[in-house]
Amino acid sequence: MTVEWVEWLMGLPLGHVTAVPGLTRGQQLQILGNGVVPQQAALAFTALLDLEV
């Protein structure tokens, strides 16, 4: 598994994490693993806004 693949799988632009200088492969994977998939976050916000809470 490459870090670039994980970045792509999450829907992030190429280099969003992998182009940050000084990060090891492990740190990049940790950042991606702790991140939020933007498409899921957008859907969650849309659903919350539709509730008109």
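**View 1. Leu29 and its partners Val3 and Val6.** Leaving out residues up to four places away in sequence, Leu29 touches Val3 and Val6, where contact means heavy atoms within 4.5 Å. This is a predicted model, in which local features need pLDDT of at least 70 and side-chain atom pairs count only at pLDDT 80 or more, while totals for chains, interfaces and linings use all residues. Residues are numbered from 1 along each chain as its sequence is written, and side-chain values use heavy atoms, with hydrogens and water left out. Leu29 sits in helix 2; helices are DSSP runs (H or I, at least four residues), numbered from the N terminus. With a relative accessible area of 23%, Leu29 is partly exposed; buried means under 20%, exposed over 50%, and partly exposed in between (1.4 Å probe, protein chains only). Although Leu29 and Val6 are 23 residues apart along the chain, 7.9 Å separates their C-alpha atoms.

**View 2. Gln28 in helix 2.** Let us stay in this helix, which covers residues 25–33 and also holds Gln28. Gln28 counts as buried because its relative accessibility is 9%. Not counting residues up to four places away in sequence, Gln28 touches Val3, Val17, Thr18, Val20 and Leu23.

**View 3. Glu7, a buried residue without a salt bridge.** Glu7 belongs to helix 1, made of residues 3–9. Glu7 is buried yet has no salt bridge, meaning a side-chain nitrogen of Lys or Arg within 4 Å of a carboxyl oxygen of Asp or Glu. The nearest side chain of opposite charge is that of Arg25, 12 Å away; here Lys and Arg count as positive and Asp and Glu as negative, while His and the chain ends are not counted. Look also for His16: its backbone nitrogen is 3.0 Å from a polar atom of the Glu7 side chain. Setting aside neighbours within four places in sequence, Glu7 is in contact with several residues, including Leu12, Pro13, Leu14 and Leu32.

**View 4. Trp5 in helix 1.** Trp5 is partly exposed because its relative accessible area is 43%.

**View 5. Met10 in the loop between helix 1 and helix 2.** Met10 is found in the loop that lies between helix 1 and helix 2. Is Met10 buried or exposed? At 9% relative accessibility, Met10 counts as buried. Its contacts, not counting residues up to four places away in sequence, are Leu32, Gly35, Val36, Val37, Pro38 and Gln39. Glu52 is 42 residues from Met10 along the chain, and 28 Å separates the two C-alpha atoms.

Notes. Helix = DSSP H or I, 4+ residues; strand = E, 2+ residues; numbered from the N terminus. Polar contact = N/O pair within 3.5 Å; in protein donor to acceptor, adjacent residues only side chain to side chain.
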